[in-house]
Amino acid sequence: MNIIETHDLRKRFKSREDKGKRQLVEAVKGVSMNVEKGEIFGFLGPNGAGKTTTLRMLSTLLQPTSGDAKVVGYDLHSQADKIREKIGYVSQAGGADTHSSAVENLMLQAQLYGMDKQSAKKRTEELIVALQLDSFAKRLAKTYSGGQKRRLDLALGMVNNPDLLFLDEPTTGLDPQSRAHLWEEVRKLRESGTTVFLTTHYLDEADVLADRLAIMDGGTIVAEGTPNTLKQQIAGDVVTLGVVAQNGEKEHAFSVLRGQSYVREIHDGTDAFQLYVERGEETLPAILRLMDGEGLKVNKVSLARPTLDDVFLRQTGRSLRETSAN
Ligand SMILES: Nc1ncnc2c1ncn2[C@@H]1O[C@H](COP(=O)(O)OP(=O)(O)OP(=O)(O)O)[C@@H](O)[C@H]1O
Ligand SMILES: [Mg+2]
């Protein structure tokens, strides 16, 4: 079952008049996608790709310029109130009042959701335990470390027990240990049945955490799928193969390799071929047998697994590592 379905969602911002000129920014240019109930869905893309804008539209904070969406079963245009009851949203900057403690922040948020004092207290206590905030819960939030602050932000997004939680860059700026800790919290949420839709510009985060992901660039989705299918289908494994060449062996090897159905693409490097293949672990022995059968001597061989950066590179011609201001 899909918990989010969008159809050709667009957002155009009119920015302030600049020397009499009105600037239009097309932040989101026709996003159509589905998110399944119960999954961790990652939204990966460089700065300015349109991730936050999409998230804000889906969480009813921003009106789309055009297009439709269904979120938790309700229509984005006509049933925004219903959607708000069922979702949680944690912004890129976080929503905690830093001049209050975690307890005060959580109590206030719970009461904003209409809980009476007693229920608010119960929910606050539950979240403090769940996210291990106890050792600092009564201190002012401005004294928290980055990781502690982000855990409070996460707790605030969970106050109403949402079916769907939107997290905008939940781990940006955190040290590796705090990031790993937050990933655990996100996985626990999935185990408890919550669907999590998170944005990130960390490749490793999208790779290990997301069940499925969409890669966004310049306002459009350039690839969508599980991390593994994207890597296999779009990028493919890369076999590097060197052949001892004296009298035309290289040309011979090139033409034999090019004729194999499992070789998707072949590049002739200075001292080795780069072969893009599917299922490298099966293909590699076949390649070696082929070379042997042709009497060609191999002097170099390696197999490299693609990364999500290779997927991004394939789809956009640029590297996400270079594009993102990490
Ligand atoms: N209120 C606004 N008015 C004008 N332009 C805007 C507005 N909000 C966003 N934009 C522009 O829309 C584009 C997409 O921005 P968005 O914040 O969605 O990107 P993002 O993918 O979340 O990037 P980041 O990784 O830096 O958070 C950018 O070019 C941004 O400058
Ligand atoms: Mg953003």
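Reader: At what angle do helix H3 (residues 102-112) and H5 pack?
Author: This is a predicted model, in which local features need pLDDT of at least 70 and side-chain atom pairs count only at pLDDT 80 or more, while totals for chains, interfaces and linings use all residues. Residues are numbered from 1 along each chain as its sequence is written; chains are lettered from A and ligands numbered from 1 in the order in which they are written. Helices (DSSP runs of H or I, at least four residues) and strands (E, at least two) are numbered from the N terminus. The axes of H3 and H5 are 10 Å apart, and their angle (on a scale from 0 to 180 degrees between N-to-C directions) is about 20 degrees.

Reader: Are H3 and H5 roughly parallel or roughly antiparallel to each other?
Author: The axes of H3 and H5 meet at an angle of about 20 degrees. Angles under 35 degrees count as roughly parallel, over 145 as roughly antiparallel, 65 to 115 as roughly perpendicular and the rest as oblique. H3 and H5 are therefore roughly parallel.

Reader: How many nonpolar residues does the contact of H3 with H5 hold?
Author: Ala-102, Asn-105, Leu-106 and Gln-109 of H3 meet Leu-152, Ala-155 and Leu-156 of H5, a contact being a pair of C-beta atoms, placed from the backbone, within 7 Å. Two residues of this contact are polar and none is charged. The number of nonpolar residues is five.

Reader: How is helix H8 (residues 227-235) placed relative to helix H11 (residues 308-316), and what term describes it?
Author: The axes of H8 and H11 come within 9 Å and cross at roughly 45 degrees. That angle makes the relation of H8 to H11 oblique.

Reader: Which residues of H11 does H8 meet?
Author: From H8, the contact involves Pro-227, Leu-230, Lys-231, Ile-234 and Ala-235. Taken over both helices, the contact of H8 with H11 comprises six nonpolar, one polar and three charged residues. The residues on the H11 side are Leu-308, Asp-310, Val-311, Arg-314 and Gln-315.

Reader: Which element gives the most to the shell around ligand 1?
Author: Ligand 1 is surrounded by 14 residues (C-beta atom, placed from the backbone, within 6 Å), and the closest are Phe-13, Ala-27, Lys-51, Thr-52 and Thr-53. Two or more residues each come from strand S1 (2-18), strand S2 (21-36) and helix H1 (51-58). Four residues of the shell are nonpolar, nine polar and one charged. With three residues, the element that gives the most is H1.

Reader: Is Thr-199 buried or exposed?
Author: Thr-199 belongs to strand S8 (residues 195-200). Beyond residues up to four places away in sequence, Thr-199 touches Phe-43, Lys-51, Thr-52, Leu-55, Asp-168 and Glu-169. A residue is buried with 20 or more other C-beta atoms within 10 Å, exposed with 12 or fewer, and partly exposed in between. Thr-199 has 26 such atoms and is therefore buried.

Reader: What is the phi of Glu-169?
Author: Glu-169 lies in the loop between S7 and helix H6 (176-191). It is buried, because 22 other C-beta atoms lie within 10 Å. Although Glu-169 is a residue other than glycine, its phi is positive, near 50 degrees.

Reader: Where is Asn-161 found?
Author: Asn-161 is not a glycine, yet has a positive phi of about 50 degrees. With 15 other C-beta atoms within 10 Å, Asn-161 is partly exposed. Its place is the loop between helix H5 (146-157) and strand S7 (164-168).

Terms used. Ala, Val, Leu, Ile, Met, Phe, Trp, Tyr, Cys and Pro count as nonpolar, Asp, Glu, Lys and Arg as charged, and the others, Gly among them, as polar. Two residues are in contact if their C-beta atoms, placed from the backbone, lie within 7 Å.
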